[in-house]
Amino acid sequence: MTTPRADASGPPAATPEPYRLAVVGGGPRATYALERLSATIDRLGEAHRLEVHLYERTGAFGAGRAHAPDQARTSYLNRIGAQVGFAADETVTGAGPLRPPAERPTLHEWCRRRHEETGDPDFDLGPEDWPKRYVHGLALRDMFDAFAADLRRHPGAELHLHHAEVVDIAPAGGNRLEVVTADGDRRTADEVLLLTGHSHHDPDRSADRLAAAGATRHVPHPYPLEEQLDADSCGPDTVVGCAGMGLTAIDTILHLTEGRGGTFHQDGPRLVYRPSGREPAAVVAFSGSGLFTFARPDNHKPSDGGGDHPGTFLTREAVDQLRAHVGRPPGGDGTGRRQLDFERDLLPLVVLEMAHLHYTTLFGPAAALLLTQRALPGYLAFVTGTPAGGPGALTAPLERAVDEIADVLEGVLRGKCALFGAQAAVSWPVRDVLLHWTRTVYGPSAEAGVRRCVDRSLPPGQVTDPLDSAWGLETYLHGNRFDWHRAVSPVPPAASPEEFRASVAAFMARDQLWARQGNLRNPHKAAADGVWRDLRQVISYAVDHAGLTPASQRRFLSTYVRHHNRLANGAAAEIMAKMAALVDCGLVDVGAGPGARARYDEATGKTVVTGPHTGLSRPVDVLVEARMHGFDPRLDALPLYRNLLGRGLVRLWRNESADGEVFQPGGLDLTPDFHPVGAEGAPDPRLTVLGVPSEGARSFLLSALRPNADHYVMRDTLVWLDAFWPRATGR
């Protein structure tokens, strides 16, 4: 508590009433908010006081449940250490006072410091390495503590931490709000900042709950892994069904295997798994696709985003053109943007961009101009209103250009045509394209050999013919073609579990090789990474805030977000190598194939995982819902947003078309300043909501702050902060 300063001319001045801020949620976003709040605390001045009450239901202040330092050591962060930050930097427009660089390290820099202090190998990471998630939690806690101490140094500021779950927020007297916790505590606040992060659905409220009953134990949410999936309930005599094959499923499976004492060992080029005997008898992994997320490629781009793919066809300008020429009138009051259909209007551009980047990576920048020129007429016609006729229609000119390139290079490679003769017939630099293709498919030593042959007028095929591609690429010039459908569904349905398991194992082995070649050299990985990661903001620009019709947004969320997750948001290659080893040894069963479901079998009283294509039918003793749920207060397992919805303090966001169709994905209706719109249609400036609850109107919301990228997580925080200080100081 602050003490009133003595006035030499009379009695002490009255202590001003503090402005009370309640922050609900103490995870990563709370760390970022506290960083900016403490960095700008001098804006409080001497005449005002600030009292902050921060609530975190898990007690893991700074990290929250998802990144808690005490979590399983087998879970990894889904971003390299150099691309994780904790504070505002020079790239964030209008950030105000910045901390000295030493006080705002990246996660990689933090780990290097901690490794020097402790020698712990978990901190011995390079900038491109993938940290364990608990390591991120340790760093978040450390940075949170530093920012908290910084805030408390101001004589007019107080920070109180509450290990408590906020279950309700109610209007109180004096235009304030009352924050109610599960233990019955009630405190008034002038405003509330909601940073609640991810929750999960209550299975009793969900219409699509899994069929688990009787003799099968149902785990609706696997975290904390150590508590939900303990050795007693998931022991060696149990078969565990794992509903989902994304990042949560990978966490689940590694906890049940490596976390039980199993080990991975290198056996030549293959990674093999040696069981400890304490694992479940089997883990039956299943999902709609039947596939795990694909391996993230080794990152060869600058961590600051300077090498991200800028986009040739999939650009904001193209989206604006499409909206103007083929967009449909918006619904509601008719003042919104014209709406697009993702599959009809945007997917052709996504596929064209991927194909163009794929072939530019395969043949090199010397072929880029030819490829662009061939695709340009169809592209210009499309964005000005000519229908494409399917997702791959715009790529046909590219495919013809690739055929021409391959024919010319094949002639040179086989000695059917001298290089100078081939060059005389085309406008693009044959030698440069041939050398780039050779390096991409075979590597630098083969490129050097081909260069020597070309310079001596010898057939270069004598160098490449005996070779295989170390990265699993096809070695004939007409190979390595881009195919959208094969990109998202690389393993076709099979008639038996054994056949599908073998196909999945073969794909995962090939995918590993592609990932090791990296996101700048491998055509498949470059196309996925360059479009679905680097151009994610363009996709969001087209999709967010009712940019799609309601029907199209529903389809986008159910199908294309999942494509994004598999193509570009998977686990690191070294993690997927572990998953492949577990599939190879048979401990993880992927034989259910695409379209698998869990059903209750009355005869046995167990849940059975069935594969409609493969014919698999396997009873499970434990069924784990290993997938993240989208935000929806109607289904949430925690009561806070249900209560806010019931009080009318918030309402669901609606996407409405001109013909009256409505889609409510589950997110909250928020103003541009992130204030929730209440049931009566008026925003409440006392409440600010950042992060997950804005899903629905926005897409691809991630919690980790990326440094040196003017990241939206920090920009959103500044929107709140810039409005907070005038309220807190009465200006």
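I began with the largest cavity, which is lined by 14 residues, with Tyr76, Leu247, Asp251, Ala571 and Ile575 nearest its centre. The model is predicted: local features need pLDDT of at least 70, side-chain atom pairs count only at pLDDT 80 or more, and totals for chains, interfaces and linings use all residues. Residues are numbered from 1 along each chain as its sequence is written, and side-chain values use heavy atoms, with hydrogens and water left out.

**Cavities**

I noted the terms. On a 1 Å grid over the protein atoms alone, a cavity is a set of points where a 1.4 Å probe fits but cannot get out; a pocket is an open set with protein on both sides within 12 Å along at least five of seven lines; lining residues have an atom within 4 Å of a point. A volume is the space filled by probe spheres set on the points, which are joined across faces, edges and corners.

I found five cavities of 30 Å³ or more. The largest has a volume of about 100 Å³. Helix α5 gives the largest share of its lining, four residues. Helices (H or I, at least four residues) and strands (E, at least two) are DSSP runs, numbered from the N terminus.

The second largest cavity has a volume of about 80 Å³. Its lining includes Leu291, Phe292 and Met576. Helix α15 (residues 497-517) supplies the largest share, five residues.

**Aspartate 251**

I then looked up Asp251, which lies in helix α5 (residues 247-256). Aspartate 251 is buried, with a relative accessible area of 4% (buried means under 20%, with a 1.4 Å probe and protein chains only). Not counting residues up to four places away in sequence, aspartate 251 touches Ser75, Tyr76, Arg133, Tyr223 and Leu225; contact means heavy atoms within 4.5 Å.

**Helices α7 and α11**

I checked the axes of α7 (residues 342-363) and α11 (residues 430-441): they come within 6 Å and cross at roughly 95°. That makes α7 roughly perpendicular to α11 (65 to 115 degrees). Axes are lines fitted to C-alpha atoms, for helices over the stretch in contact, and angles run from 0 to 180 degrees between N-to-C directions. Thr360, Thr361, Leu362 and Phe363 in α7 meet Val433, His436, Trp437, Thr440 and Val441 in α11.

**Second largest pocket**

Helices α17 (536-543) and α21 (712-729) each supply at least two lining residues.

Methods: Parallel < 35°, antiparallel > 145°, perpendicular 65-115°, else oblique. Buried < 20%, exposed > 50% of the residue type's maximum accessible area, 1.4 Å probe, protein only.
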